[in-house]
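Opening the notebook for a look at one helix and its surroundings.

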Amino acid sequence: MQDEQVKRDHVDRLRAQWDRELPDLDTEPMTILGRAYRLSNLVRPSIEETFASFGLDRGEFDVISTLRRSGPPYRQTPTDLYTLLMISSGGLTHRLDRLQKAGLILRERSASDGRSSVVGLTEKGVALAEAAFRADMASEARYLGGLGPEERVALAALLKKLLVSLESQQPATPPEMAPNTAILFDNADRKP
């Protein structure tokens, strides 16, 4: 009996309470989505700490990592950036101001269209984006220590299957416009 209680997690306890209060309601979705939400909440502080150790907040990391993963010359228009990041243009402007002040990005007039601008990573920005991402991946890998290699593959495949199913119900988003996937962040609580 005691072993059974040790193996119960937060979601099991919530479901037991709801089963008692609303026995006619099927709470099975909580077994997956509730756990995904709980995992996100548990790992978020550590991920934010990792970015902070590089002098970045989550939103700033999203900008420089989006530029870095775009490949050389690590440049995007502000419109492309706020579309890729799924934030407002005003929210992006504040992030860009902070990143430019830190010497991580440059804003220049577009060579092809003098009315628009281009945002690019500086050498310092390229190096910092890579170092922060490497540290983030190392941190996130530690969270997966409770799963064996085969379990990781199986869980990743099932989560991918669910995500593909959910994404297929959304308006089409080209793969290059998908949001950052460093971890289970939902855009609703991203800082502008």
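I began at the start of H4, where a side-chain oxygen of Asp57 comes to within 3.0 Å of the backbone nitrogen of Gly59. A reminder to myself: this is a predicted model.

Next I checked the length of H4. The helix has 12 residues and spans 16 Å from first C-alpha to last, close to the 16 Å expected at 1.5 Å a residue. Past its end I found Gly71, with a positive phi near 85°.

Then, burial. I count as buried anything under 20% relative accessible area. By that cut-off 10 of the 12 residues of H4 are buried, so the helix is largely enclosed by the rest of the structure. Among them are Phe61, Val63, Ile64 and Leu67, but also Arg58, Glu60 and Asp62.

How do H4 and H7 pack? I noted an angle of about 105° between H4 (residues 58–69) and H7 (residues 123–143), with the axes 9 Å apart. The two helices are therefore roughly perpendicular to each other. From H4, I listed Phe61, Ile64, Ser65 and Arg68; they meet residues of H7 including Val126, Leu128, Ala129 and Phe133. The residues of this contact divide into 7 nonpolar, 2 polar and 2 charged.

Last, I followed Leu128, which lies in H7. Leu128 has a relative accessible area of 18%, so I logged it as buried.

Definitions and conventions
Residues numbered from 1 in each chain as written. Predicted model: local features only at pLDDT ≥ 70, side-chain atom pairs only at ≥ 80, totals over all residues. Heavy atoms only, no water. Axes fitted to C-alpha atoms, helices over the stretch in contact; angles between N-to-C directions. Helix = DSSP H or I, 4+ residues; strand = E, 2+ residues; numbered from the N terminus. Parallel < 35°, antiparallel > 145°, perpendicular 65-115°, else oblique. Contact = heavy atoms within 4.5 Å. Nonpolar A, V, L, I, M, F, W, Y, C, P; charged D, E, K, R; others polar. Expected span 1.5 Å × (residues − 1). Buried < 20%, exposed > 50% of the residue type's maximum accessible area, 1.4 Å probe, protein only. Polar contact = N/O pair within 3.5 Å; in protein donor to acceptor, adjacent residues only side chain to side chain.
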